[in-house]
Amino acid sequence: VENVRLLDRLSSRRAVLGTLYLTATHVIFVENGSETRKETWVLHSQISSIEKQATTATGCPLLIRCKNFQVIQLVIPQERDCHDVYISLIRLARPVKYEELYCFSFNPKLDKEEREQGWTLVDLNEEYNRMGVPNNYWQISDVNRDYGVCDSYPTEIYVPKSATAHIIVGSSKFRSRRRFPALSYYCKGNNASICRSSQPLSGFSARCLEDEQMLQAIRKANPGSDFIYVVDTRPKLNAMANRAAGKGYENEDNYSNIKFQFIGIENIHVMRNSLQKMLEVCELKSPSMSDFLWGLENSGWLKHIKAIMDAGIFIAKAVAEEGVSVLVHCSDGWDRTAQVCSVASLLLDPYYRTMKGFMVLIEKDWVSFGHKFNHRYGNLDGDPKEISPVIDQFIECVWQLMEQFPCAFEFNERFLIHIQHHIYSCQFGNFLCNSQKERRELKIKERTYSLWAHLWKNRADYLNPLYKSDHSQTQGTLHPQIAPCNFLYKFWSGMYNRFEKGLHPRQSVTDYLMAVKEETQQLEEELEILQERLANLQKSQSGDNKVKNKQQDRSKQSGLYTSNNILANTPQEYSNDLKSFPSRSPSQGDEEDSALILTQDNLKSSDPDLSANSDQESGVEDLSCRSPSGGGCLPSEDSGKDSDEAVFLAG
Amino acid sequence: MEFAELIKTPRADNVTLHRPFHPAVEGTLCLTGHHLIFSSRRHDNAEELWLLHSNIDSIEKRFLGSLGTIAIKCKDLRIIQLDIPGMEECLNIASSIEALSTLDSVTLMYPFFYRPMFEVVEDGWSSFLLEQEFEHLSSVTNEWRLSCVNKDFSVCPSYPPVVIVPKSMDDEALRKVALFRHGGRFPVLSYYHKKNGMAMMRSSQPLTGTNGRRCKEDEKLVNSALRSGRRGFVIDTRPLHVAQQARAKGGGFEQEVYYPQWRRIHKYIERFNILQESFIKLVEACNDQSHNMDRWLSKLEASNWLTHIKELLTAACLAAQCIDREGASVLVHGSEGTDSTLQVTSLAQIILDPRCRTIRGFEALVVREWLQAGHPFHQRCAQSAYSNSKQKWEAPVFLLFLECVWQIHRQFPCSFEFNEQFLIMLFEHAYASQFGTFLGNNENERAKLKLPQKTMSLWSWVNRPEELSRFQNPLYEANSLVIWPSVAPQSLQLWEGVFLRWNRPSKFLKEAEEETINIIKYNKELQAKVNALRRQLAEMETDEEAQEE
């Protein structure tokens with residue numbers, strides 16, 4: 001469709017004219033602008049909702065909201081075209097078969113061997129070995145080898161050595177969806193462990209001997225402690241309501257030596273609505289501070305984040321400080337339980353705070369234990385009530401921790417944002433389906449590529465420059481502050497407003513330090529070469545032919561160093577009063593900011609961001625993220641040329 | 001008066017000091033004329049705490065049996081607690097602290113007694129003279145002149161002896177204009193934008209009154225900042241109705257009829273007790289130990305502090321935008337021209353002028369736009385957020401300015417030569433200091449107190465290389481461009497460095513800071529090494545060539 005206008009969300013008059021293309025996998029908008037031809041790519045699987053608004057004199061507006069929090073407003077001149085686009089997108093955004101998803105057509109031009117190697121990057125067996133199991137207390141069980149006991153669990157499950165197959169099967173019959181207690185994290189230092197399960201089918205009075213024996217076995221696997229914590233991550237009221245349906249929670253009288261604890265994390269429906277409310281706040285046009293803060297409070301989002309974090313902190317404390325094992329469950333044990341177990345593991349074990357370790361953690365607590373990615377993130381058309389930002393919340397918890405412990409994580413914010421993006425993108429096979437069983441049936445590993453290999457290949461982009469493996473905050477357990485007055489839980493604009501670059505700091509400390517570190521590395525190399533040459537020269541007084549080359553290198557480096565400071569920046573709409581004042585000469589302002597225009601060359605590459613993975617490109621080339629290595633390309637959506645218009649327009 | 005009279009008990013033993021995130025320490029408490037000194041008894045790690053009495057905002061005492069507890073709340077927002085055995089001792093100490101921290105007379109303040117332990121290299125009292133600023137200005141334009149019309153402070157008591165005014169205005173005309181402006185604060189040059197020759201002036205409100213008085217000289221003065229054929233903006237920091245109401249009290253605003261080339265914009269910036277209350281509420285929220293997120297957010301919102309930040313930044317950006325983008329001159333004023341006016345003009349300069357983002361340039365800005373411009377520091381910073389006095393002249397006007405600078409700094413972390421610590425240091429010294437810089441309400445009072453002769457300037461201390469290194473931003477790279485901050489709520493954050501400073505463990509953030517410094521230091525060392533080696537190589541090679549020839 002031609003002559004479509006793409007509106008800027010912040011000011012309705014800042015719009016660009018272009019052509020809209022629909023392909024099998026993407027929505028593509030190409031600007032008409034003669035030089036730049038800026039492109040915006042959106043994967044169909046990222047589309048969360050499409051809204052056709054009332055036709056106006058200028059055309060028919062179409063609002064596309066994406067799961068990665070991008071909002072695109074288009075105005076299509078012809079009502080009929082708009083309707084066609086709308087209908088097509090509705091169909092394209094809601095595939096009914098896995099085979100329609102992008103990962104089955106995505107081809108990053110890797111050969112079969114490379115693809116297979118990619119899938120071996122994260123190996124859970126290796127991970128359990130790293131933790132120190134199997135050992136005297138824990139063993140691998142094959143009861144679930146053909147998913148016979150529990151179809152949402154992996155085939156390989158670690159259980160206490162004293163738990164016989166009989167106990168496991170018996171226990172599984174007494175648990176929702178037969179998700180029996182299994183090992184999630186084992187603490188080598190003191191034998192304490194984190195186990196996970198679903199709720200018991202206790203109703204008002206039912207009990208199950210095998211299940212009680214199972215919990216006993218978990219306690220015995222930790223000889224240092226005479227009890228275990230059983231943590232129900234639901235609010236007490238919800239758990240009690242479940243009893244009426246024959247489910248519920250452990251009765252302390254029936255289980256010997258357990259301490260039972262509720263931690264009130266709300267259910268997926270509350271979380272979905274909370275996110276919805278917060279996004280509405282993000283979408284407000286020029287909100288006042290009160291609107292924003294009130295909306296943020298009203299959404300309850302940060303309260304929920306804190307609840308998850310508090311639960312993780314409780315468990316980490318029990319394991320690390322008290323040396324007590326913990327069994328965690330919620331209702332089905334695949335949402336809140338996954339969140340809480342992974343937050344606790346992250347706090348406990350520095351390995352999970354490395355890049356590789358974080359991939360392992362997601363693979364372990366989310367992918368293998370049957371977190372329902374397909375349902376929660378709406379990859380296939382399904383029940384909208386199943387959708388909920390469960391892993392988004394976990395990712396945000398990690399970000400909040402990064403704010404509190406700036407040197408503790410090997411990876412940076414960008415790493416988290418890209419993982420979030422790909423959980424929804426369906427470009428890689430990792431997060432397809434609802435369980436390991438389904439993924440095996442679909443032969444994911446043979447037919448798609450692994451995100452982890454892709455991220456690993458580009459790991460230079462995701463490094464936290466402040467990370468040092470021998471730092472005090474890198475080692476051991478993290479002890480975060482929990483009261484708001486001691487540590488601020490902040491609104492994460494880098495995630496929820498990530499496409500409004502104008503809202504973010506204009507200079508990135510991370511990028512700056514990454515560039516410095518890269519330069520440092522080059523300097524180290526050069527120093528070595530120079531020293532070598534000096535030694536040679538002193539020895540043999542020869543070898544002056546290389547000098548010129550080196551000097552050229554050097555000038556390249558200094559260019560890199562200053563490039564970070566090119567600011568493309570225009571004033572926002574600070575006042576509506578100015579627009580009626582007609583004193584502005586049209587030419588002014590352009591040449592003054594000539595320094596800014598330098599960045600225009602990069603516009604084409606900077607904008608597609610993550611959504612721009614065309615088939616020709618090998619995976620994500622998020623160029624906006626690559627300024628440190630890319631020399632002169634600090635991405636900028638507002639560069640000199642159009643800035644003057646942009647200044648005074650009022651929304 | 002002898003301080004000894006006020007000190008009923010100069011010393012108490014077995015006192016326990018409690019601070020957040022520190023283990024309790026037992027030791028001895030001493031009171032001197034200006035300090036409260038606590039020293040721990042342990043010999044291995046003799047920890048000492050020195051607290052200026054003038055830093056104490058309020059104290060609270062409690063008794064549990066014969067054990068008295070004094071909670072000391074400081075103007076820098078720190079709260080410490082002292083357990084003092086013995087009811088009488090505790091009462092004596094509490095009343096001594098109370099008396100010493102609320103001395104009436106300025107000349108009894110510590111700066112008059114402080115003897116520096118360092119050598120003064122450069123006297124800060126003469127580091128930032130307006131004459132130097134004018135010299136700099138004369139190199140780019142000759143449209144302005146220095147006027148000494150106020151040399152004896154008779155024309156405007158809150159102005160400095162010298163000001164910069166349009167060349168076309170003689171001193172006689174200035175005297176007339178002064179009569180037409182509140183408190184005699186006639187329009188003076190605040191900032192000259194070299195890029196396009198536009199000027200920012202500041203003043204107080206015109207005294208038009210209800211019958212619409214006018215002053216030809218004032219109109220001439222204001223117009224002489226305009227380029228021919230161009231218009232200007234008056235940024236009034238009051239909402240229209242307040243400006244209109246001001247007429248009843250003799251004040252008012254520039255009327256279009258008499259100032260046809262000017263367009264007035266009203267940008268409301270809160271002042272006085274509203275700000276102080278907001279400050280008090282915010283600090284209260286920050287000290288709330290409850291773990292409840294909703295409560296925290298609603299208290300944060302109810303304090304309105306971030307709203308004030310947003311409004312202020314918006315007004316400053318607007319002023320900067322008029323100058324840089326519209327190519328128009330600007331006149332900024334509110335009522336008295338000593339508070340919101342200065343906030344706007346100084347922040348606009350941070351945005352526009354790269355010089356103001358250096359350490360020295362920022363110091364010059366504080367001197368020029370706050371101290372010399374007559375911001376009444378003594379009144380505004382008399383008490384901080386824990387005070388119960390609630391005097392209407394107390395207001396965190398300067399703190400708001402510093403926080404706005406911090407907000408811009410956060411968005412442009414590589415464009416400022418100074419770091420966050422520098423801003424926090426200025427906040428501390430504005431409220432309690434051993435230096436005389438922030439004493440008095442204006443240059444007139446400072447001259448009368450003979451501060452330059454009798455006290456040490458803050459700048460004499462700060463600008464020593466040893467101190468400066470603490471305030472340098474390792475990420476700084478000079479950026480000659482105008483920097484436009486975002487004022488969206490998503491882009492503004494609470495200034496944790498001030499408001500959560502004593503309530504958060506700082507270890508991890510400090511480690512991050514150190515790591516940043518190390519990364520950059522190592523890089524610079526390598527660069528130096530590589531350059532030296534290169535030079536050495538080049539020399540050897542030319543030698544060699546010479547030999548070959």
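**Surface patches, aromatic pairs and backbone features**

A negative surface patch is formed in chain A by E524(A), E525(A), E528(A) and E532(A); patches are made of residues with over 30% relative accessible area and no salt bridge, like charges being joined within 9 Å and nonpolar side chains (Val, Leu, Ile, Met, Phe, Trp, Tyr) within 5 Å. A salt bridge here is a side-chain nitrogen of Lys or Arg within 4 Å of a carboxyl oxygen of Asp or Glu. The model is a predicted one, in which local features need pLDDT of at least 70 and side-chain atom pairs count only at pLDDT 80 or more, while totals for chains, interfaces and linings use all residues. Residues are numbered from 1 along each chain as its sequence is written, chains are lettered from A in the order in which they are written, and side-chain values use heavy atoms, with hydrogens and water left out.

In chain B, a nonpolar surface patch of about 250 Å² is made by F63(B), M87(B) and L91(B). Of these residues, M87(B) is found in helix α2 (residues 87-101) and is partly exposed, because its relative accessible area is 42%.

Over all chains, the structure holds 55 aromatic pairs, that is, rings of Phe, Tyr and Trp (its six-membered ring) whose centres lie within 6.5 Å, with planes under 30 degrees apart counted as stacked, over 60 as edge-to-face and the rest as tilted. The rings of Y377(A) and Y424(A) form an edge-to-face pair, because their centres are 5.2 Å apart and their planes stand at 75°. This pair links distant parts of the chain, 47 residues apart, with Y377(A) in the loop between α12 (373-376) and α13 (390-404) and Y424(A) in helix α14 (residues 413-425). Y377(A) is buried at 1% relative accessibility, and Y424(A) is buried at 7%.

Backbone features were also examined. The peptide bond from V133(A) to P134(A) is cis, with omega near 0°, and P134(A) is found in the loop between α3 (124-131) and β8 (138-141) of chain A. K109(A), although not a glycine, has a positive phi of about 60°.

Definitions and conventions. Areas by Shrake-Rupley, 256 points an atom, 1.4 Å probe, with all protein chains shown as cover. Lys, Arg positive; Asp, Glu negative; His and termini not counted. Charge placed at Lys NZ, Arg CZ, Asp CG, Glu CD. Helix = DSSP H or I, 4+ residues; strand = E, 2+ residues; numbered from the N terminus. Buried < 20%, exposed > 50% of the residue type's maximum accessible area, 1.4 Å probe, protein only.
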